[in-house]
Amino acid sequence: MPTLTSSAAAQRSDNTIQVLGRALSFLVPPFSGSITVAIVYEPGNQASVAEAEAMQRALRSGIRAGGVTLRPRMVASNALAQLDGARVAFVTRGINYGRVSAAAGPRSILTVSSDRRCATSGQCVMSISSGGRIQILVSRAAARAANLRFNTSFLMLVTEV
């Protein structure tokens, strides 16, 4: 598997954040204002921690994307009670997606990951792949479980699974 340079990883995180910010405006009702983004990572898993740290660096202390200001909060996968107050949870690769989904869904938290499998398995509401071409998957089942709805015009632009 090719290794990304730190600048390539940073660019992918920045792209994901911009896409996520715009996608939030297509929720019904749309998210607005200051939004806490919980960055869920697996302690001890180097890849998960690295992805979480890259996302936190990209979000800095808060970044404007679309109609919202996204503010990061790191949350260890063994401390999911810390999801309280978050509207979005960025789920890093290599963690138990089902456990995060079970904690986030009842709180109506939009779960998003860079791993397509999280959405295709119905454990994340959305996956955003921002390699050469941006691809967005939306899981109907995960969105329904979190009591989240997207505008029809947005759903025509993404792939629903």
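In strand E6, Ser-127 is the bridge partner of Ser-113. This is a predicted model, in which local features need pLDDT of at least 70 and side-chain atom pairs count only at pLDDT 80 or more, while totals for chains, interfaces and linings use all residues. Residues are numbered from 1 along each chain as its sequence is written, and side-chain values use heavy atoms, with hydrogens and water left out.

Reader: How many bridges join strand E5 to strand E6?
Author: Helices (H or I, at least four residues) and strands (E, at least two) are DSSP runs, numbered from the N terminus, and two strands pair if DSSP finds at least two bridges between them. Strand E5 covers residues 110–113 and E6 covers residues 126–130; they run parallel, and the bridges that join them number two.

Reader: In what order do the eight strands form the open sheet?
Author: The pairing is mixed, and the edge strands, each pairing on one side only, are E2 (63–65) and E8 (159–160). E1 and E3 run parallel and are joined by nine bridges, whereas four bridges join E1 to E4, also parallel. The order is E2-E3-E1-E4-E5-E6-E7-E8.

Reader: What angle does the direction of helix H2 make with that of E1?
Author: Helix H2 (residues 46–59) packs on the sheet, touching E1, E2, E3 and E4, where contact means heavy atoms within 4.5 Å. Axes are lines fitted to C-alpha atoms, for helices over the stretch in contact, and angles run from 0 to 180 degrees between N-to-C directions. On that scale the angle between H2 and E1 is about 160 degrees.

Reader: Within what arc do the buried residues of H3 fall?
Author: In H3, Tyr-97, Val-100, Ala-103 and Ala-104 are buried, that is, under 20% relative accessible area with a 1.4 Å probe and protein chains only. What covers them includes E1, E4, E5 and helix H4 (116–120). The arc is that of the directions from the helix axis to the C-beta atoms. Seen down the axis of H3, the buried residues line one face of the helix, because they fall within an arc of 130 degrees.

Key. Buried means under 20% relative accessible area, exposed over 50%, partly exposed in between (1.4 Å probe, protein chains only).
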